[in-house]
Amino acid sequence: MATYVIGDLQGCLDPLIELLAKIEFDPQHDQAWFVGDLVNRGPQSLECLRYVKNMGDAAKTVLGNHDFHLLASYLGVEKYRAKSDTLDPILQAPDVDELINWLRQQPLIVKHELHPWVMVHAGIPPQWSCSEAAGYAQEVQDIMCSPRWSEFIRDHLFGSKTRSWYPELSGWARYRYIVNAFARMRYCDAKGQLEFKLKAHPRKVTHTDYLPWFAHPHRRNKDQQIFFGHWSTLGAMDAYQVHATDTGCLWGGELTAYCTDTQTRHSVSCPCYADPKPAPQAH
Ligand SMILES: [Mn+2]
């Protein structure tokens, strides 16, 4: 049995089919871990969502910012929709309710049963240990699995940003920080204050007080190998006990599967599906 961590799909199903064939993925014995952002911007968002859901126990996924954006669009939060969104086929699909119900109940973090490997969409802030992070992720998943999920997404997730963490943070602001950290973060300070505007590769980012979340010297979650996506300008990176898997499938780069058992990367190249002009980032 092998575990493959697969980078952001963002509605690109054909490269996924090609990649699974290339690695000879066996759903009876292997596990596919999707780093989230299954949908949006690419042409096959509906097909990707159905495909991963139908993989059943052979697949695990975590929620990314584009997945939250889909949930918000389903609930009629129109304010943040962009021209580059490709979510309408999902919203008009006969099985939309079933797909959304499945998606909203997915976790923010996945831990391997045997090995010290965890997967998140964007990252784990430096002030949290992995076990604390799992607890915070569970708080949000409990909300997302309850009838209050729609109130959280519609009224409390967007708009005013919660950038700073302290353990006593409570109510909707606490859940908002937790989602922002797991699903949107790239740069932050040592206490986990989030910076939302910087997206470039760390080599190109100077004159800032912020570091990539994984580069903080006293980061408390170094006891696990952390797999994540979300950061396409970072590309394939294995350092700091973290493994970046968003290799820009949507932008004409590659779709990557990282085999945790052999520590090898497998990839297929992708046609460019995205609008050549960078679109504003979904929340
Ligand atoms: Mn993302």
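Predicted model: local features only at pLDDT ≥ 70, side-chain atom pairs only at ≥ 80, totals over all residues.

Colleague: What makes β1 and β2 a pair?

Modeller: A pair needs at least two bridges. Strand β1 (residues 3–6) and β2 are joined by 4 bridges, so the pair qualifies. The two strands run parallel. Thr3 stands opposite Gln31 in β2.

Colleague: How do you know that β2 and β3 are paired?

Modeller: Here 3 bridges link β2 to strand β3 (residues 59–61), in the parallel sense. At least two are required, so this pairing counts as well. Ala32 stands opposite Ala59 in β3.

Colleague: Which helix does the chain pass through from β2 to β3, and what is the hand of that crossover?

Modeller: The path goes through helix α2 (residues 45–54), and the β-α-β crossover is right-handed. β1, helix α1 (residues 13–22) and β2 also form a right-handed β-α-β unit. Right-handed means that the path from the first strand over the helix to the second runs clockwise, with the strands pointing away from the viewer.

Colleague: Why do you say both faces of β2 are covered?

Modeller: Buried means under 20% relative accessible area. In strand β2 (residues 31–34), Gln31 and Trp33 on one side are buried, and so are Ala32 and Phe34 on the other.

Colleague: What makes β4 and β10 edge strands?

Modeller: The open sheet has 5 strands in the order β4-β5-β9-β11-β10, with mixed pairing. β4 (109–111) and β10 (237–239) each have a single partner strand, so one side of each lacks a neighbour in the sheet. On average, neighbouring strands here are turned by 15° against each other, direction ignored. β4 is joined to strand β5 (residues 117–120) by 3 bridges, running antiparallel. Lys111 stands opposite Val118 in β5.

Colleague: What lies across this part of the sheet?

Modeller: Helix α6 (residues 130–144) lies across β4, β5 and β9 (225–228), at about 130° to β4.

Colleague: Why are Asp37, Asn65, His121 and His230 called donors of the manganese ion?

Modeller: A donor is an N, O or S atom within 2.8 Å of this metal. Asp37 (OD), Asn65 (OD1), His121 (NE2) and His230 (ND1) coordinate the manganese ion at 2.1 to 2.2 Å, so they meet the cut-off. Their spacing in sequence is D-x27-N-x55-H-x108-H.

Colleague: Why say that Asn65 and His121 tie parts together?

Modeller: Asn65 lies in helix α3 (residues 65–74), and His121 in the loop between β5 and α6, so the pair links parts 56 residues apart in sequence. Both Asn65 and His121 are buried.

How values were computed:
Residues numbered from 1 in each chain as written. Heavy atoms only, no water. Buried < 20%, exposed > 50% of the residue type's maximum accessible area, 1.4 Å probe, protein only. Axes fitted to C-alpha atoms, helices over the stretch in contact; angles between N-to-C directions. Contact = heavy atoms within 4.5 Å. Donors = N, O, S within 2.8 Å, 3.2 Å for Na, K, Ca; no water.
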